[in-house]
Amino acid sequence: MKFGERIKEQRKIKNMTQEDVAKHLHVSRKTISSWENENSYPDIKSLVKISDLYQISLDTLLNEDSGLKEYLQKDKVQSNYLELKYGISALGSLAITLLAVMNNATALVFFIGIVLVQAANNQFMKKTGLESPENKKSILKDPNARTSVKILTIFLILIGIIIIIWMGYISIVSNTVIGLIVIGIYTQIVNLFVYIIDKFHLR
């Protein structure tokens, strides 16, 4: 029996609606529907919750559906490249700060190098299909994204705009690099926020 058929059958046996299951697994009803129709598969964390909810062993779920097994293998590779992607982004934020502090050719070369590595990594993920569609989707445009995550995202964007304008003004007026340093630190914070959202599927 396919994965979607199995979880749909177990849901009906337990007299649960898709909404009930969604609340239990902390996902949207559309996500449950997508899993049952096999338009998508759950990640390993959600799969464990499904196993506990329906009292089906992970071995049974995995051995019944080769598509699910292949998805989880790809998901693992995507997770590794996700860490690489945000690791490079973190180095990019560091490069901005170093460029502001050191203001020399070495810092500039480091910054350009990080930009080129980031571009190469993005191109590789695009060509190999490792870039997850969920990670491409804007949090603010994602209908399944949680309201709390959207609010925090909007808050960070507004704070970021204020910091960039204010620190840019300070740097110009006082002729110092403190503004660029603060901006570099802020981009590190935003990068960490986005990484946590994607890594732990908090959308």
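Analyst: The following answers set values from the model against the definitions of the terms. The model is predicted, so local features need pLDDT of at least 70 and side-chain atom pairs count only at pLDDT 80 or more, while totals for chains, interfaces and linings use all residues. Residues are numbered from 1 along each chain as its sequence is written, and side-chain values use heavy atoms, with hydrogens and water left out.

User: What makes R6 and E9 a salt bridge?

Analyst: A salt bridge requires a side-chain nitrogen of Lys or Arg within 4 Å of a carboxyl oxygen of Asp or Glu. For R6 and E9 the N to O distance is 4.0 Å, and the pair is counted as a salt bridge. Both residues belong to helix α1 (residues 3-13), where being 3 residues apart separates them by about one helical turn. Helices are DSSP runs (H or I, at least four residues), numbered from the N terminus. In general, side chains of opposite charge can pair when their charged atoms come close.

User: Why is R6 called buried, and what is E9 called?

Analyst: Buried means under 20% relative accessible area, exposed means over 50%, and partly exposed lies in between (1.4 Å probe, protein chains only). R6 has 17% and is therefore buried, whereas E9 has 32% and is therefore partly exposed.

User: How many salt bridges are there, and which residue pairs with R11?

Analyst: The count is 2 salt bridges. R11 pairs with E36, their closest N and O atoms being 2.6 Å apart. This pair links distant parts of the chain, with R11 in helix α1 and E36 in helix α3 (residues 29-36), 25 residues apart. R11 has a relative accessible area of 9%, so R11 is buried; E36, at 8%, is buried as well.

User: Why is the aromatic pair of F3 and Y41 called tilted?

Analyst: Rings of Phe, Tyr and Trp (its six-membered ring) pair if their centres lie within 6.5 Å; planes under 30 degrees apart count as stacked, over 60 as edge-to-face and the rest as tilted. The structure holds 1 aromatic pair. In that pair, F3 and Y41 lie 6.0 Å centre to centre with 55° between the planes, which is tilted. F3 is in helix α1 and Y41 is in the loop between α3 and α4 (44-54), 38 residues apart. F3 and Y41 are both buried.

User: How do you know that α2 is roughly perpendicular to α3?

Analyst: Helix α2 (residues 18-25) packs on α3 at an angle of about 110°, with the axes 8 Å apart. Axes are lines fitted to C-alpha atoms, for helices over the stretch in contact, and angles run from 0 to 180 degrees between N-to-C directions. Angles under 35 degrees count as roughly parallel, over 145 as roughly antiparallel, 65 to 115 as roughly perpendicular and the rest as oblique. The angle therefore makes α2 roughly perpendicular to α3.

User: Which residues is S93 in contact with, and what makes S93 buried?

Analyst: Contact means heavy atoms within 4.5 Å. Leaving aside neighbours within four places in sequence, S93 is in contact with G184, T187 and Q188. S93 lies in helix α6 (residues 66-102). Its relative accessible area is 5%, so S93 is buried.

User: Why is V182 called partly exposed?

Analyst: V182, in helix α10 (residues 178-199), has a relative accessible area of 25% and is therefore partly exposed. Beyond neighbours within four places in sequence, V182 is in contact with I163 and M167.

Notes
Helix = DSSP H or I, 4+ residues; strand = E, 2+ residues; numbered from the N terminus.
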